[in-house]
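Biologist: I'd like to learn how to read a structure like this one. Can you take me through some features, one at a time?

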Amino acid sequence: MLRIGIDVGGTNTDAVVMEGTKVIAGVKSATTDDVMSGVVNALRDVLAASGIAASAIDFVMIGTTHFTNAVVQRRNLAQTAAVRLGLPATASLPPMVDWPEDLKQAIGNHAYLAHGGNEFDGRVISPLDEEELKSIAADIKAKGIRSVAITSVFSPVSSDFEKKAGEILAAEIPGVHVTLSSDIGRIGLLERENAAIMNACLRDLSAHVMNAFRNAISEAGIKGKFFLTQNDGTLMDAAFAEKFPVLTFASGPTNSMRGAAFLSGVKDAIVVDIGGTTSDVGSLQKGFPRQATVAVEVGGVRTNFRMPDVFSIGLGGGSLVVDGVDGVKVGPVSVGYRIKSEALIFGGSTLTTTDTAVARGLAELGDKSKVAGLSPDLLARTGAKIIAMLEDCVERSRLSPEPLPVIVVGGGSILVDGDIAGLEVIKPNHYGVANAVGAAIAQVSGEIDRVYALAEIGRENALEDAKARAIDAAVQAGAARETIEIVDVEDVPLAYLPGNATRVRVKAVGELHAQ
Amino acid sequence: MKTLKTIYAEDLEDIAIGGAILGTGGGGDPYVGKLMAQQAILKHGPVHLISVEELADDALVVPVCMMGAPTVMTEKLPQGDELINAFRQLEQLLGRKIDAVLCGEAGGVNSTTPFVVAAATGLPLIDGDGMGRAYPELQMVTFTMHGVSATPMVLCDDKGNSLVLETVSNQWTERLARAATVEMGGSALLAFYPMSGEVAKKAVVRGTLSLCAKLGLTLREARANHGNPVDAVAETLKAVTLFHGRVTDVDRRTVGGFARGTATFTGVEEFKGHSFKLDFQNEFLMAALDGKIVCTTPDLITLLDAESGTPVTADSLHYGLRLKALAFPCNPQWQTQAGIALVGPRYFGYDADYVPYFGAVD
């Protein structure tokens, strides 16, 4: 099986060609403003480097931080209406109450509270008011808003109100994108609503980006199917990804950690992924990223996604180096993808970490003569500062005093020489494109979501049945049966139904079958 | 009255974290309460925390609380005026001005709800509570042991309903209020246990709100200084580690408005090869190591993320989490015969006697 893994980051677009578990070729190219030409370039280069015909490629797997970056940088976000169904309950804390002010403003702070919602036992808090929703729709329409997130109280128990309200708004507002919170999240109104609103504000961008991917792949002459990787390191198809861009939020760190584990063959380690602008540090347990226990914030917004526990700092290959009275300062400002024109070694006038690495002889890149004049004292202090910054993160990510190796990946890996915090540093082959490798080896999943009457079959049997069905679904989706593991089990009692009815959700994941 | 500490909106961050630790898995996620308290303080001004000793003997003190299932509280947020309505209605019933607000339960969401009322009324808030932790039923407060009646009590819901209760015992208040809360959709807000300053000085578990603030600060500092957050919290609480392991199963049932269940863990590192079971009824009430009961209510059992030290509620427990279980001593009032009758393991239907984990406190 031949597959291409692509990682579209804020600075670089990387691509690898893999045959089974072997990396045939890997390339880095710059991310472009239009996304598409960067992907076109990466595909062209990696196919050329591998010597494999585009027509022979079976699958393309894309991981991207594009949507996360859009939220973090408050860029390309659509004006979005947040409609909550639950009045008179929930009015104490309106939608986006816990959001950073700038993000709220970036999407227009359009919050609507309407009647609807269910109690925990399925009873109705108040009936849906069609006239009220029509007048909200009229207001949304008049403001020119085309993205709407609908969140109804207890919609994971009963999603009828969200669906009905979605139909009403869709009928009233031509061309509207509607995100229903029950499609995305779990119990926990604010977190689920936050995720739904973020998803809605990314819908225009996702249509644009998915189109760019589609065009780039067909322009390269690839006929194979393409997928996007999601938070938990599994794949979703293009049509699904376009509807749920929010599910890609943590795919960057997930791919880099899984890629690092794959390339190094080490299953327990700290992974440091140094990009152009930031470094992400996380820990790997048995080959999987350690999951965060508590609500994870994205761009300052609380969500209840299950995400890898990753700590980020503003240190990358494009980070500015500024020597001042308080000593040398590295980052968090970065030249990002403009490194090719702004760094000293590329003829620019900005001193970056990459310049200091080249001056110290850690990498052969650009025009070394441009950095010959940097003082050895400044270089030494910059090197020490970078290591101190990384040590800080590595210490935070350590699970125990046991000496674990540190796997360093990403384009900015050239900044590191020697140990970090006294721990052995591993830079695996193809370290620069670990994210793309992580995308290429993404797993497939099978999920089941069913209501069982526990009074009839008992909880044990219900869980066993659900697990077996999830495993079958994963096999159906292309997973090799012997590699499948159950990664998530959740049961929500539905107290309003007789017979101790419980909604059981199970997710199974496995490696894509080799054939 | 002398202010011990002025509480601003940002101070609620630490208090909510500490409240979650004292919540021993229950009491509801303080996040929602924290946001409500912050909104109230931003709107009305800061809250003045006072020592219970500052109260005149004839002062009138009223605790406020949120009641119901934790899952409901994170999903069906309050309408907003319920607490202040309950407080004002009780004031009217009693026919006199209330002098200070009291926290009923310093664990969980109720570590923050009294700030909503104190901010809105401008009344001082007493640094202390009626439990020193969280418990699932409303008669389970030290006030009961001092003969304070929970009623007259006012219970308000998100729809605008309010209910006044007059009962023959605090146990009856619990039964009736619980049934009403379930009917109201699983959560309600209330003002109850009106008492004099004199009684409050006997009953209140002192310093628990400032302990919450201190626990939040301890966690924050341990993280900032790259210390071990779990150890730092354990030291502040004089707690011991009961277990270190990974969640392998959570069996939940919602019974009569409570989240009951059992979480099973398998040990890692120093506890490798051992198993651990935690029974909960909103709160963690009984811990068993390798099938043998090691710690029970009223001593406190709390779960922290093994690395970050973040407290984990029974509600958010899920497969795969790696956690540490800490045990720490309860307020001595709970170790009396009356205390154990109210909140001991047998009350909760467990076939076990309370054996003080830390020995009897004198």
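Predicted model: local features only at pLDDT ≥ 70, side-chain atom pairs only at ≥ 80, totals over all residues.

Biologist: Which residues of H5(A) are buried, then?

Modeller: Phe161(A), Glu162(A), Ala165(A), Gly166(A) and Leu169(A) are the buried ones. They span an arc of only 130° around the axis, so they sit on the same side of H5(A). Glu167(A) and Ala171(A) are on the other side.

Biologist: Why do residues three or four places apart point the same way?

Modeller: An α-helix has 3.6 residues a turn, so residues with that spacing point the same way.

Biologist: What do the buried residues of H5(A) pack against?

Modeller: They pack against S5, H4, S7 and S8 of chain A.

Biologist: How far does H5(A) reach?

Modeller: H5(A) covers residues 160-172, and from its first C-alpha to its last it reaches 19 Å.

Biologist: Now the strands. What is their order in the sheet with parallel pairing?

Modeller: That open sheet has four strands, ordered S6-S5-S7-S8 in chain A. To find its edges, look for strands that pair on one side only: here they are S6(A), residues 110-115, and S8(A), residues 177-180. Neighbouring strands are turned by 25° against each other on average, if you ignore direction.

Biologist: How many bridges join S7(A) to S8(A)?

Modeller: Four, and these two strands run parallel. Take Ser147(A) as an example: its bridge partner in S8(A) is His177(A).

Biologist: Which strands does helix H4 of chain A lie across?

Modeller: H4(A), residues 130-142, lies across S5, S6 and S7 of chain A, and runs at about 170° to S6(A).

Biologist: What about the sheet with mixed pairing?

Modeller: That one is open too, with six strands of chain A in the order S3-S2-S1-S4-S9-S10. Its edge strands are S3(A) (22-30) and S10(A) (235-237). From one strand to the next, the twist averages 25°.

Biologist: How do S2(A) and S3(A) run, parallel or antiparallel?

Modeller: Antiparallel, with eight bridges joining them. Asp14(A), for instance, has Lys28(A) as its bridge partner in S3(A).

Biologist: And which helix lies across S1, S4 and S9 of chain A?

Modeller: That's H9(A), residues 251-264, running at about 120° to S4(A).

Note on methods. Residues numbered from 1 in each chain as written. Chains lettered and ligands numbered in written order. Pairing = 2+ DSSP bridges. Axes fitted to C-alpha atoms, helices over the stretch in contact; angles between N-to-C directions. Contact = placed C-beta atoms within 7 Å. Expected span 1.5 Å × (residues − 1). Buried ≥ 20, exposed ≤ 12 C-beta atoms within 10 Å, placed from the backbone. Arc of directions from axis to C-beta.
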